[in-house]
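Please read this briefing alongside the sequence and the model.

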Amino acid sequence: MLDWKWVRENPELAETSLQKRGFDTGLLQELLELDQKRRAIQQEADVLKQKKNEVSRAIGQLKQEGKDITEIQKEVQGISTRIKEIDSQLKAISSEWTEKLLWLPNLPHFSVPLGKDEGDNQEVKRWREPTQFDFDPLPHWDLGEGLDIIDFQRGVKIASSRFAVLKGAGAKLERALISFMLDVHLEKHGYWEVFPPFLVNAETMTGTGQLPKFKDELYCCQDDLYLIPTAEVPVTNLHAGEILLEEELPLRYVAYSACFRREAGSHGRDVRGLIRQHQFNKVELVKITHPERSYEELEFLLLDAEEILQLLNLPYRVVILCTGDLGFSAAKTYDIEVWLPSEGRYREISSCSNFETFQARRANIRFRKGSGKPEFVHTLNGSGLAVGRTLVAVLENYQQADGTVVVPEVLRPYMGGMEIITPQFEVK
RNA sequence: GGAGGGGUGUCCGAAUUGGCAAGGAGCCGGUCUUGAAAACCGGUGAAACCGCAAGGUGGUGCGGGUUCGAAUCCCGCCCCCUCCGCCA
């Protein structure tokens, strides 16, 4: 949610800023008009209410003095009726305005490069060169099936397309990656671990910006509950409606969760393999910071996520998303992309964003400076990392000519000392 | 799921025969002090909204209703606690 006072005072700036995203500014105009109407109606209502309150107080006085109140009572009855009419108008226009405001995206930070789509994203860093092979590297789905550690067919059978089953060393590798990532962020980077609910209510989904606009991307359950598309949602909303102390900022959380996405708009993309699943695991970093320090915290967050890939010795690059490719709620986003030999290109494995006050306003997360008025915090998050895609990257980058896969050294303690994944065929 | 109790600010907590939401803690300023603490004095302390301002609206878990006027009365819902039932 944008700072509406600022928008009202700077409508042209808001408009050009939204245009940079390629966002149609018709909605902004509608909101500005509604806002004007709303204020006019509220002023009318407030004057009448003031009158009503004065008269009501006078009635109380007169009654105590034992005087007759029938005349004055009749007079104020008319006012009350009128107030009810205006109030219902006000309520209608206010809720229309509030609902529409939730559809307006965040404004890009000034440092975000101008651009139309992902083709205009700018590479800002590259770590190690793409892995070289003296044989033709296989895609992870062939490796996974050859080693019998990924079962795509049975995933589809028991659920639907875009579901897979990890087996044996594959399941263990997934679990090892989760534990490894959590431990690095806990022990080395000083985050605090939380294990959140995977189902949340509509209010929580609205707080981080998934609702109302992206309802089609979510799995809805009964009882007004939704499956989370990322741990960002429950973790950021932990402090919804709260007033934090300035001294306790920044709050830094790391959370493992399964993530559930309908992928409604991506038919035909990444249909093979584990890259785009309806359910996947992710270790998420979330920071709640002082507004003055959020951008330096974003840089550190990015480094924390990058370090996982460095420890795994996987080649990657970092890009900054241009205005046209920026997500709905973000003011600035870095994507980390890992090298995938089978595709011969880098693929997104982490997205690190600063949302400034956009989510804090929706979820009403504030902090208090001394005894001053509460102010909105800045919220940030980033994948640290997407586990399924990391597993893909490990399989593809660590594969050998015979179809076996070397276990990265840092993961061996989590794999019972296993050094090479070889075919197991426990269950056929 | 059933029965009972509860939900008031940053925190504690009063007011429920309808009539401006007590009091305290905290916080800020001051007096005193070498400094601090304590004490005392004053201020502040209820989201949010409207207004250039003065000020106003609003505000007692949420949403409605009755009334000139609702924390208080009525209806619906949510959450917490205790007990019962069920359950990993």
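Predicted model: local features only at pLDDT ≥ 70, side-chain atom pairs only at ≥ 80, totals over all residues.

Residues are numbered from 1 along each chain as its sequence is written, chains are lettered from A and ligands numbered from 1 in the order in which they are written, and side-chain values use heavy atoms, with hydrogens and water left out.

**The chain as a whole**

- Chain A contains twelve helices and 17 strands, where helices (H or I, at least four residues) and strands (E, at least two) are DSSP runs numbered from the N terminus.
- Taken along the principal axes, the box filled by the C-alpha atoms of chain A is roughly 100 × 45 × 45 Å.
- Chain A has 428 residues, of which 49% are buried, a term that stands for under 20% relative accessible area with a 1.4 Å probe and protein chains only.
- Among the contacts in chain A with a separation of 6 or more, 74% link residues 24 or more positions apart, a contact being heavy atoms within 4.5 Å.

**Surface and charge**

- Chain A carries 53 positive and 66 negative charges, whose mean positions lie 5 Å apart; Lys and Arg count as positive and Asp and Glu as negative, without His and the chain ends, and each charge is placed at NZ of Lys, CZ of Arg, CG of Asp or CD of Glu.

**Strand β10 and its partners**

- In strand β10, which spans residues 316-320, four of the five residues are buried.
- Strand β1 (residues 122-127) runs antiparallel to β10 and is joined to it by five bridges, with W127 opposite Y316 of β10; two strands pair if DSSP finds at least two bridges between them.
- Strand β11 (residues 332-340) also pairs with β10 in the antiparallel sense, over five bridges, and here E337 of β11 stands opposite R317.

**The sheet β7-β13-β14**

- Three strands in the order β7-β13-β14 make up an open sheet with mixed pairing.
- Its edge strands, β7 (243-245) and β14 (374-376), each pair on one side only.
- Strand β13 (residues 366-368) is antiparallel to β14 and joined to it by three bridges, and F367 has E375 in β14 as its bridge partner.

Methods:
Buried < 20%, exposed > 50% of the residue type's maximum accessible area, 1.4 Å probe, protein only.
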